[in-house]
Amino acid sequence: MLIGVISDTHIPERSIYIPEKVFEIFENVDLILHAGDLVSLQVKDQLEEIAPTICVQGNMDRYKGLKLPEREKLDLEGIPIGLAHGEVFPRGDTQQLRYIGLEMGVEVLITGHTHWSFIKELPDMLLLNPGSPTVPRLSDPSVMIIDLKERKLDAKIVKIGDPICKALNFKGERL
């Protein structure tokens, strides 16, 4: 089973569209998981044109009134996988994310919220974050591909463009 993983698209509030490269990367996936902050359900509709799509609610989705589940627990190829936005402070804190995964009873926890991608292997859990394809934070814009076969999981971060930081887009004199 091939799974496309995406998060923090923030469309249309921070970006106008999902980059075409994402659709190319997800072209042959069997399932898409979105770890929150879609901001518009049109994102889910677009992704559904490629493959069935499961989304959870991010903090900005809640703010925009999107009715999505806070968490989803899936059994994919015999592996219990959790999907949550991962709102912890500080962002991406491994210990707090691990506790979310333990509460959900999963071996793999997929989150977003940080806008940077990571794969972290803990003794009892695998933490995955695809980053953001539209508004990365001091990192490459990215998504993730997961290949599941016979209870084995292979996760790969896929860079979709050059690093950008929209927070640094300001006008001023250059030194």
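In this predicted model, E48 and K44 both belong to helix α2 and sit 4 residues apart, about one turn of the helix. Their side chains form a salt bridge, with the closest N and O atoms 3.2 Å apart. E48 is partly exposed, at 35% relative accessibility. K44 is also partly exposed, at 24%.

Helix α2 spans residues 41-48 and lies across β1, β2 and β3. Its direction runs at about 155° to β3. These strands belong to an open sheet of 5 strands, ordered β3-β2-β1-β9-β10, with mixed pairing. The edges are taken by β3 (53-55) and β10 (152-159). Each has a single partner strand, so one side of each is left without a neighbour in the sheet. Neighbouring strands are turned by 20° against each other on average, direction ignored. Within this sheet, β1 (residues 2-6) and β2 (residues 31-34) pair in the parallel sense over 4 bridges. G4 stands opposite I32 in β2.

Strands β5 (residues 79-84) and β6 (residues 108-110) pair in the parallel sense over 3 bridges. Here I81 stands opposite V108 in β6.

The salt bridge count comes to 7. One of them joins the side chains of R62 and E87, at 2.9 Å from N to O. R62 lies in helix α3 (residues 59-64), and E87 in the loop between β5 and α4, so the pair ties together parts that are 25 residues apart in sequence. R62 is partly exposed at 42% relative accessibility. E87 is partly exposed as well, with a relative accessible area of 38%. A further salt bridge links K149 to D147, with the closest N and O atoms 3.6 Å apart. K149 has a relative accessible area of 51% and therefore counts as exposed. D147, at 23%, counts as partly exposed.

Aromatic rings were also examined. A search of the whole structure finds 0 aromatic pairs. Charged side chains do lie over ring faces: R98 over Y99, at 5.7 Å from the ring centre, and K120 over F118, at 4.6 Å from the ring centre.

Key: Residues are numbered from 1 along each chain as its sequence is written. This is a predicted model: local features need pLDDT of at least 70, side-chain atom pairs count only at pLDDT 80 or more; totals for chains, interfaces and linings use all residues. Side-chain values use heavy atoms; hydrogens and water are left out. Two strands pair if DSSP finds at least two bridges between them. Helices (H or I, at least four residues) and strands (E, at least two) are DSSP runs, numbered from the N terminus. Rings of Phe, Tyr and Trp (its six-membered ring) pair if their centres lie within 6.5 Å; planes under 30 degrees apart count as stacked, over 60 as edge-to-face and the rest as tilted. A charge sits over a ring if NZ of Lys or CZ of Arg is within 6 Å of the ring centre and within 35 degrees of the ring normal. Axes are lines fitted to C-alpha atoms, for helices over the stretch in contact, and angles run from 0 to 180 degrees between N-to-C directions. Contact means heavy atoms within 4.5 Å. A salt bridge is a side-chain nitrogen of Lys or Arg within 4 Å of a carboxyl oxygen of Asp or Glu. Buried means under 20% relative accessible area, exposed over 50%, partly exposed in between (1.4 Å probe, protein chains only).
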